[in-house]
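Please look first at the sequence and the fold shown here, and then read on with both at hand. The report goes from terms to the whole chain and then to its sheets.

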Amino acid sequence: MGVARSIERRLERLVDGLAAQLFRGRVQPVELGTRVVREADLSRFDTAVGPGAPNAFRVVLGGEPVEAEVLRRVGAEVARFVDDSAADRGWRLDGPTTVELLVDPSRRPAHVEVESRTEPGPRAAWAVLVPIDAGGDPLEVTVNRAVIGRSRDADVRLQHEDVSRRHALLWQESGSTWLADLGSSNGTFLEGDPFREPTAIQGGDRFAFADHPFVLEPPP
């Protein structure tokens with residue numbers, strides 16, 4: 001509910017200004033965002049660490065032409081909604097979310113056509129792992145369902161011999177941040193206690209991979 005309301009408020013502000021021309025006689029703002037998320041949901045796929053979804057969308061609307069800047073601004077807001085929805089639903093997106101809006105004057109104004117695809121690429125950080133021990137560098141967490149470990153293929157790489165190649169999984173879902181051990185050799189710990197099953201963590205919680213403690217912080 002909170003995610004849907006956030007896009008409603010943001011898109012309503014756009015409608016009050018320059019973007020009003022885009023929605024005149026067309027699909028309403030929240031429905032547009034919902035259509036794109038529905039396409040992502042229908043195109044979900046399984047990954048080794050849970051559900052993944054496409055991150056690039058092409059939306060064709062009918063009706064009269066609209067200024068390119070309006071399409072760009074609304075597309076950016078819808079992309080934010082997809083990101084918020086993916087985090088709320090626990091989806092992994094393997095690249096930056098983009099929503100390209102196009103207008104086809106030959107189509108009726110109510111027309112909405114959404115296509116999706118996966119385009120790998122760098123994403124902005126949603127969290128930072130900050131080492132508690134002196135001398136370590138903060139590590140950005142960019143993808144949801146991030147694998148933490150020693151492997152070169154890990155999303156967040158810890159180059160310590162006592163850390164397993166695929167040590168733990170970190171993700172957002174249902175308004176919380178979760179951490180789970182992936183069967184590591186030397187364990188994952190929260191406030192000194194070992195655990196394996198998905199466990200909710202909060203800012204300020206001290207957790208460790210083997211003997212390497214961290215706290216989770218928002219990106220700067």
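## Terms and basis

Two strands are said to pair if DSSP finds at least two bridges between them, and the strands themselves (E, at least two residues), like the helices (H or I, at least four residues), are DSSP runs numbered from the N terminus. Strands of a sheet pair through backbone hydrogen bonds, either parallel or antiparallel.

This is a predicted model, in which local features need pLDDT of at least 70 and side-chain atom pairs count only at pLDDT 80 or more, while totals for chains, interfaces and linings use all residues. Residues are numbered from 1 along each chain as its sequence is written, and side-chain values use heavy atoms, with hydrogens and water left out.

## The chain as a whole

The protein chain has four helices and 16 strands, and its C-alpha trace spans about 60 × 30 × 30 Å along the principal axes. Of its 220 residues, 45% count as buried, where buried means under 20% relative accessible area, exposed over 50% and partly exposed in between, with a 1.4 Å probe and protein chains only. Among contacts (heavy atoms within 4.5 Å) between residues at least 6 apart in sequence, 59% join residues at least 24 apart.

The accessible surface of the protein chain comes to about 11300 Å², of which 47% belongs to carbon and sulfur atoms; such areas come from the Shrake-Rupley method with a 1.4 Å probe, and for residues only the protein chains shown count as cover.

Strand β3 (residues 56–62) runs parallel to β4 and is joined to β4 by seven bridges, and valine 59 has leucine 101 in β4 as its bridge partner.

Valine 70 is found in helix α4. Why does valine 70 count as buried? It does so because its relative accessibility is 1%. Although valine 70 and leucine 101 are 31 residues apart along the chain, their C-alpha atoms are separated by 9.4 Å.

Strands β10 (residues 168–173) and β11 (residues 176–181) pair in the antiparallel sense over six bridges, and the bridge partner of leucine 169 in β11 is alanine 180. These two strands form a hairpin with two residues between them, and serine 174 in the turn has a positive phi of about 55°. Strand β11 is also joined by three bridges to strand β14 (residues 199–201), again running antiparallel, with isoleucine 201 in β14 as the bridge partner of threonine 177.

## A sheet of six strands

Another open sheet has six strands in the order β7-β6-β16-β15-β12-β13, with antiparallel pairing. Its edge strands are β7 (139–141) and β13 (193–195), each of which pairs on one side only, and the twist averages 35° from one strand to the next. Strand β6 (residues 127–131) pairs with β7 in the antiparallel sense over three bridges, and valine 128 has glutamate 140 in β7 as its bridge partner.

Definitions and conventions:
Axes fitted to C-alpha atoms, helices over the stretch in contact; angles between N-to-C directions.
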